[in-house]
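Welcome! Open the viewer, get your selection tool ready, and let us walk through this structure one stop at a time.

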Amino acid sequence: MPIVEVSLPKLPVAATPSPKPLLVRGSIPYWDQPDSIVSFRNNIESVDEISLFWYFLSESGQVTKYKSTVEDQGLINIARLNDVKTTVVVTNLPEETGTTWDSERVEKVISDPEIRREHIEDLVSLVDPLGV
């Protein structure tokens with residue numbers, strides 16, 4: 001039996017996509033602020049982003065600092081110096097004892113164009129001085 005030579009076309013080699021790097025986010029919650037700051041500082045080289053869980057919407061729709069929160073500019077500065085993105089969280093979780101998440105506060109703010117405009121101004125006034 002004769003040997004037959006077959007030539008197959010070369011197929012392009014598909015590049016193997018490289019996995020996206022892991023994004024590490026941390027939270028600095030008002031109820032555990034001192035310990036979470038220590039943890040952040042001890043692991044800063046592994047953290048890409050922190051969220052400052054320090055504010056909530058009051059019943060009237062105002063951005064309000066939780067009573068036990070310390071607005072720590074030093075923390076924000078350390079994050080910035082280490083290229084850690086910092087965001088501010090404004091929740092609908094009231095501070096009063098016996099309350100829970102209150103979606104009506106958010107609905108009130110976002111459903112009225114004038115209240116929404118004022119809320120946006122409040123947010124800008126909050127984050128600008130913090131530098132976040």
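This is a predicted model: local features need pLDDT of at least 70, side-chain atom pairs count only at pLDDT 80 or more; totals for chains, interfaces and linings use all residues.

Start by selecting β1 (25–29) and β2 (49–57): these strands pair in the parallel sense over five bridges. Strands here are DSSP runs of E with at least two residues, helices are runs of H or I with at least four, and both are numbered from the N terminus. Two strands count as paired if DSSP finds at least two bridges between them.

Residues are numbered from 1 along each chain as its sequence is written, and side-chain values use heavy atoms, with hydrogens and water left out.

Stay with β2 for a moment. How many of its nine residues are buried? Nine of the nine are, so β2 is largely enclosed by the rest of the structure. (Buried means under 20% relative accessible area, exposed over 50%, and partly exposed in between, using a 1.4 Å probe and protein chains only.)

Next, select helix α1, residues 33–42. Colour its buried residues, Gln33, Ser36, Ile37 and Phe40. Looking down the axis of α1, you will find them within an arc of 105 degrees, so they line one face of the helix; the arc is that of the directions from the helix axis to the C-beta atoms. An α-helix has 3.6 residues a turn, so residues three or four places apart point the same way. Turned away from that buried side are the exposed residues Pro34, Asp35 and Asn42. The cover over the buried residues of α1 includes β1, β2 and α2 (73–81).

Now go to the loop between β4 (85–91) and α3 (103–111) and click on Asn92. Is Asn92 buried or exposed? It counts as buried because its relative accessibility is 16%. Beyond its neighbours within four places in sequence, Asn92 is in contact (heavy atoms within 4.5 Å) with Thr100, Trp101, Asp102, Ser103 and Val106.

Glu96 is in the loop between β4 and α3 too. At 44% relative accessibility, Glu96 counts as partly exposed.
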